[in-house]
Amino acid sequence: MEMIKDLPKLFDHVEAPGNGAYNNGFAGQDVISVDQFDRTRLSYIFHRSREMIEMVEQRGACDLLKGRVLACLFYEPSTRTSASFIAAMERLGGSVIPITQGVQFSSVSKGESLPDTIRTLEQYADVIVLRHPEVGAAQIAADAASVPVINAGDGTGEHPTQGLLDLFTIRQELGTIDKLKVAMVGDLRYGRTVHSLTRLLMQYDVSYRFVSPELLRLPMALMNVLIDRKMKVRETHDVADVIENADVLYVTRVQKERFSDPAQYEEVKDCYKITPEIMQRAKPTMALMHPLPRVGEIDTAVDSDPRAAYFRQVKNGMYVRMALLAAVLGRA
Ligand code: NCD
C-alpha cells in the first residue's frame, strides 16, 4: 500500500466520534511512521482505545474483526509487541498467523526476500504486522503489499505503535499532554521508541529533557527537527538535573544489539539506574515509564511506587493496538 503522505485530504470526510457513519480515514492504510498521525487522528485513536478498555473490562472480547486474519512477522525478538498484537486481534474476534518464534523456521532462512514473504502472507491475511532489523524495511514491505502493513519496529528507525501507546499512557496517567516536561533517559541514539515518541510530542506544547551519555545522544537529524519546530529542548548527562521537575520520566534500555563495538556498549551499559532514593526527589504526580524490557535501568524496588506506570503502559499497548487494527481494517 502507499504510505499516507497527504494527511489533510484523509480527513475530508471525518466526523466527530459518535456521529453515525464514521469514516476514520485509516481503512486500508499502512502504519509506518508516527508522522502519519496529526492531532485529529491521535484523538480518534485515543477515543477508540478508551472504548476498547471499556469493552474488555465489561465483556473480555467481541467479534468486531471476526473472520479477519492478522499475520505477525517478526525478524527480531519481541515479547510485548507480538503478544499484544495477538491479544488485540483475538479480543476483537479475529485470528493470527504468528511468525514470531524466529524467522529461522520460515522460508526466510532459505533466502526468501522480504517482498516475496510479504506477498505470500497477504494471500492469507488481511493485515500484516512486521518487525525488522533494518531502517526502512516496513516501507519496503508496504510497497510490496496490497493489504495494510503495520510497522512494529524497523531497526533504529521507528516504532510507531509503541509511540502511540506511550503517548496514550501519558494522557491516561496525567490527564493531559500539553505543558508537560518530558524527560527521556538512556539510549536516545538507538532507541526507536524514543524517536517515535519524540516526534509525536512535537504536536504538543511540551518541554523536552534529554538525558544520556555523550555516545547515546539523540540523533542530530531529529534534534534539528525539534529546533526547527522551536520546541523547548535541554540536554544533560545527569538524571539529577531533571528529576525534580519532570512530569514524565521515560527510561530506556541501552540497545546492546545495535552496537558494532562491544567495548563501547560496556562503557555505557550501566549509565543510569532509577532507585527509590531518586524517586523520593520526583514530583508526587510524575509518571515513570519504560517501553520494556528493562535490564537494570529501573530498580525493581521502584515497582511498588504508584508512579511506576510501566506495566499499565504494557496493558495500554493492547488497547491501542486493538484501536489501530480495527481502524486499518475499516471497522470503526
Ligand atoms: C522496545 C523495542 O523493541 O524497540 N521494546 C518494545 O517494543 N516494547 C524497546 C527495547 O527493546 O528496548
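## Cavity

On a 1 Å grid over the protein atoms alone, a cavity is a set of points where a 1.4 Å probe fits but cannot get out. Grid points are joined across faces, edges and corners, and a volume is the space filled by probe spheres set on the points. This is a predicted model: local features need pLDDT of at least 70, side-chain atom pairs count only at pLDDT 80 or more, and totals for chains, interfaces and linings use all residues. Residues are numbered from 1 along each chain as its sequence is written, and side-chain values use heavy atoms, with hydrogens and water left out.

The model has one cavity of 30 Å³ or more. The largest cavity holds about 60 Å³ of space. Lining residues have an atom within 4 Å of a point. For the largest cavity they are Arg-80, Thr-81, Ser-84, Gln-162, Leu-165, His-290, Pro-291, Tyr-310, Gln-313, Val-314, Gly-317 and Arg-321. Two or more of these residues come from each of α3 (80-91), α6 (160-174) and α11 (310-328). Helices are DSSP runs (H or I, at least four residues), and strands are too (E, at least two), numbered from the N terminus. With five residues, α11 gives the most to this lining.

The lining of the largest cavity has four nonpolar, six polar and two charged residues. Here Ala, Val, Leu, Ile, Met, Phe, Trp, Tyr, Cys and Pro count as nonpolar, Asp, Glu, Lys and Arg as charged, and the others, Gly among them, as polar. Domain 1 (7-159 + 315-328) and domain 2 (160-314) each give at least three residues to the lining of the largest cavity. The domain bounds come from an automatic or database domain assignment.

## Pocket

A pocket is an open set of points with protein on both sides within 12 Å along at least five of seven lines. The largest pocket has about 450 Å³ of space. It is lined by 21 residues, and the closest to its centre are Arg-131, Arg-192, Arg-253, Leu-292 and Pro-293. The lining divides into four nonpolar, ten polar and seven charged residues. At least two lining residues come from each of α3 and α7 (192-201). Domain 1 and domain 2 both give residues to this lining, so the largest pocket lies between them.

## Ligand

Residues around the ligand (a heavy atom within 4 Å) include Thr-81, Arg-131, Gln-162, Arg-192, Arg-253, Leu-292 and Pro-293. An N or O atom in the side chain of Arg-192 is 2.8 Å from a ligand oxygen. For Thr-81 the distance is 2.9 Å, and for Arg-131 it is 3.1 Å. The protein covers 93% of the 320 Å² of accessible area that the ligand has on its own. Accessible areas come from the Shrake-Rupley method with a 1.4 Å probe.

## Backbone

Leu-292 and Pro-293 are joined by a cis peptide bond, with omega about 5°. Pro-293 lies in the loop between β9 (287-289) and α11.

Technical notes: A polar contact is a pair of N or O atoms within 3.5 Å; within protein, one must be able to donate a hydrogen and the other to accept it, and residues adjacent in sequence count only if both atoms are side-chain atoms.
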